[in-house]
Amino acid sequence: MDGRFVGRARELELLRAARGRVVLVVGEAGIGKSALVAHLDAVVGRAVADEGAPEFWPWLRVLDGVGLSRDLLTVDPLPGESRAAARFRAITRCADELRGTAHTIVLEDLHWADDASIRLLAHLSIEDGPTVIATSREMMDVPNARIVRLGPLSLTDVAEYAGPQHAEELLRRSGGNPLYLRLLSTTDSNDGELAHLVKARLEPLRKSTRELLDRAAVVGDDVDLDLIGEEGLDEAIAAGLLTDDPASPHTVRWSHTLLREAVYDALPRRRRIELHRQLAERTTGTDRARHLLRGGTKEEARAACREVGWFERALPLADTDAERAELHLDIAEQLYQEGLVMKALDHCERASDLGDADVTARAAVVVRDVQGEAVDRIVALCVRARELLGDEDSARHAKVLAQQAKLLADTRGRAHVRPLTARALEMADRSGDPDAIVSAMKARLLLVDSVAEVLQLGSRMIATGKPENALWGHAWRIDGSFWLGAIDQIDAELAELGGLADRMRWPLARWHHTRSRAARAELVGRFAEAERLALECRDIAMGIEDGSAIGLFYSFTQQLARFTGDFDKYELPEHMAEIAMYLPIYLSANAMVSVAKGDRDAVRFAYERLCPMIPTMPDELRWPNTGMFTAQVALWLGELEFAPLLYDNLLPLKAYYANQSPGCEGSVSRVLGMLAAALGRTEDAVAHLNDAIAMEKRIGALPFLAMAQFELAKVTRRDELLESAVRIARHLGMKPLVKQIEALTAIPLTAREQEIALMLADGLANKAIAAKLVLSERTVETHVRNLLLKLGLENRTQVAGWVVRSGLTWSH
């Protein structure tokens with residue numbers, strides 16, 4: 001305030017101490033946010049209340065100030081990539097570079113910043129990085145940001161600024177707002193309203209200066225001098241209305257936005273329209289569109305808005321239903337790419353209400369590859385489109401059929417949608433339309449019974465030559481290779497997908513690559529690595545706002561906890577837990593987590609909900625994982641009613657692994673062996689479990705090898721299997737499995753017997769043991785005989801194996 005800084009010493013100290021943090025300074029207009037941050041040695045970027053401002057505008061100024069290229073924030077979608085994905089790619093790239101700067105960064109007027117700018121700030125707040133101070137009139141959703149709220153100045157502060165004589169009056173009239181206080185202190189006006197205060201400031205100025213300020217108010221907060229001229233500029237700066245930046249000689253800015261707003265609001269309507277029309281003739285792009293919206297004809301404004309992608313602003317200017325329908329579709333696509341699925345569907349439905357068969361068919365496929373509450377609304381659009389299209393054989397009809405099939409597969413089962421997918425693929429092939437063929441292949445993948453066809457469809461997607469299709473192709477081929485246990489092929493496909501992700505710099509590609517690597521790590525027991533990669537997947541999913549991808553993170557980490565026992569690290573959110581109650585795969589998977597926790601009530605609750613689903617489970621989209629989970633839940637509870645049916649349905653898949661990029665469950669033969677053992681088919685159980693052990697050894701799947709060995713040991717009572725299983729489990733940190741083995745082998749021993757058992761395991765003779773324990777050899781011999789009887793062992797050499805299985809150590 002006129003060089004005098006009062007009432008903000010504590011806040012300034014907090015900002016200067018904020019090393020490597022994001023701080024949000026919040027307060028009403030004029031409260032002194034800008035005056036506070038002006039005391040920091042910082043690089044400044046300002047958001048502006050101007051629809052014409054480029055995306056990332058405040059950050060572009062920051063990049064200039066810290067010596068980084070503006071190209072970091074170039075949003076240039078790759079072929080097949082959405083603009084939202086390209087923007088996220090730019091955000092992560094820029095954030096990585098900014099974390100290396102030592103500059104303090106100030107972002108002014110964050111409440112006017114575009115969504116992309118706020119997302120970049122939020123991205124920086126997640127990890128340690130540069131010190132960023134952002135000012136805002138309102139609270140913003142910036143994770144981990146420290147909040148500094150600025151309130152009104154006190155009577156003491158006002159007295160320090162303006163002197164004690166009129167302090168109480170000034171405080172009353174200004175409300176403690178520093179801007180109002182400054183205006184009141186420099187004008188003779190007795191009216192406290194901002195408009196009158198500004199009017200009083202303008203009246204002494206020359207006419208040329210007032211006209212320059214009129215033009216500047218129409219331009220915006222940051223003013224290009226080429227648009228307003230310089231006559232009267234010096235007087236406007238001297239009056240404190242405009243400020244000059246020596247580093248930017250071709251522009252000035254308003255000293256406070258409230259001043260600009262007051263000048264703009266005071267312009268007569270005809271004068272305001274005239275100035276906007278003049279500026280529209282001298283500007284291009286979004287600037288031109290903004291000025292035509294406020295000063296052009298309806299037709300001019302509508303055309304300019306459509307030209308720059310301002311479809312929502314163009315909508316009220318449309319004259320016909322056909323124009324409105326097209327604009328609703330354009331808006332829907334924009335919102336879908338932003339991740340705002342439900343809002344996008346609102347516009348799809350409005351477009352369909354206004355349009356014909358073509359518009360409805362396009363509306364039905366705008367929102368794609370989603371799950372959850374959006375599904376019913378999209379299916380309704382598909383049904384409406386099919387009614388309007390009738391028997392038409394076309395690419396657009398094929399896309400609608402494929403869309404409907406993909407959406408219904410989860411809830412209706414594969415048999416219900418099989419005719420839809422077949423018709424969609426046939427129709428798409430006849431049309432020759434590449435996009436329709438790809439849509440139909442995505443639907444077909446959900447229903448394939450053959451791993452060979454999965455691999456074939458993946459190769460066909462890759463062969464289209466489009467990066468997005470290649471992404472799906474490699475992802476499908478990875479899952480197919482997981483099923484076959486083709487480890488070399490998995491690694492080759494991962495390498496291809498990794499290279500593709502690097503070239504595309506597309507978050508979705510990186511997500512698929514990372515989640516497949518997480519499953520690959522889980523498969524061989526590298527649980528810490530699998531968890532780290534899962535967390536990377538979660539961060540990517542949060543950036544692209546993909547709810548299903550975030551759900552897969554929780555599903556993966558919960559299943560990972562079955563191995564590690566770390567159940568409390570990543571609790572499933574309540575709204576996702578509710579969804580899990582209705583879909584067999586989630587219900588059965590969560591039940592398996594409850595089995596590992598030993599929560600019998602939760603397992604019983606889930607199993608009772610699963611029972612009606614079991615007869616039709618092979619038709620379920622994620623069979624056989626659902627069947628394997630359900631079988632193990634039933635066996636844990638001792639419920640054998642559906643065991644024969646589950647066995648018969650899983651038997652054709654005995655040569656496969658239930659492994660895929662969402663997570664691994666090991667060979668199908670292991671669960672077949674468990675079912676056979678429970679049904680009293682011991683010979684079949686031993687054969688299946690031996691097959692499972694051989695399969696897991698072949699691919700190096702140590703966690704599942706230990707599990708298969710444990711199951712076979714329970715059937716055959718072979719000690720060497722238990723010894724191998726517990727050794728692997730301890731090495732990998734599989735605490736729940738170790739606990740199960742210990743429970744199977746645990747027999748209570750006295751403290752003395754435990755000591756003797758450990759010495760026998762170390763190979764000590766009776767004489768050496770007697771010397772160590774200061775006992776007679778006869779007493780030691782008696783202890784050894786009793787010990788062997790308790791453990792059911794034939795000779796002392798078998799004690800070493802029992803010690804390994806039981807986990808007995810000298811710490812006991």
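Asn 659 has Cys 664 as its bridge partner in E10. Strands E9 (residues 657-660) and E10 (residues 663-667) are antiparallel and joined by three bridges. Two strands count as paired if DSSP finds at least two bridges between them. A two-residue hairpin connects E9 to E10. Helices (H or I, at least four residues) and strands (E, at least two) are DSSP runs, numbered from the N terminus.

## Basis of the model

The model is predicted: local features need pLDDT of at least 70, side-chain atom pairs count only at pLDDT 80 or more, and totals for chains, interfaces and linings use all residues. Numbering starts from 1 along each chain as its sequence is written, and side-chain values use heavy atoms, with hydrogens and water left out.

## Five-stranded sheet

Five strands form an open sheet with parallel pairing, in the order E2-E3-E4-E1-E5. Strands E2 (43-46) and E5 (146-149) are the edges; each has a single partner strand, so one side of each lacks a neighbour in the sheet. From one strand to the next, the twist averages 20 degrees. Axes are lines fitted to C-alpha atoms, for helices over the stretch in contact; angles run from 0 to 180 degrees between N-to-C directions.

Strand E1 (residues 22-26) runs parallel to E5, and four bridges join the two. Val 23 pairs with Arg 146 in E5 as its bridge partner. Helix H1 (residues 9-16) lies across E1, strand E4 (132-136) and E5. H1 runs at about 160 degrees to E5. Contact means heavy atoms within 4.5 Å.

## Three-stranded sheet

A second open sheet has three strands in the order E6-E8-E7, with antiparallel pairing. E6 (222-224) and E7 (242-244) stand at its edges, each with a single partner strand, so one side of each has no neighbour in the sheet. Here the twist averages 35 degrees from one strand to the next.

E6 pairs with strand E8 (residues 251-254) over three bridges, in the antiparallel sense. Asp 224 has Thr 251 as its bridge partner in E8. Strands of a sheet pair through backbone hydrogen bonds, either parallel or antiparallel.

## Leu 60 in helix H3

Leu 60 sits in helix H3 (residues 57-66). Its relative accessible area is 10%, so Leu 60 is buried. Buried means under 20% relative accessible area, exposed over 50%, and partly exposed in between (1.4 Å probe, protein chains only).

Leaving out residues up to four places away in sequence, Leu 60 touches Pro 54, Glu 55, Arg 70 and Leu 73. Gly 45 is 15 residues from Leu 60 along the chain. The C-alpha atoms of Leu 60 and Gly 45 are separated by 7.5 Å.
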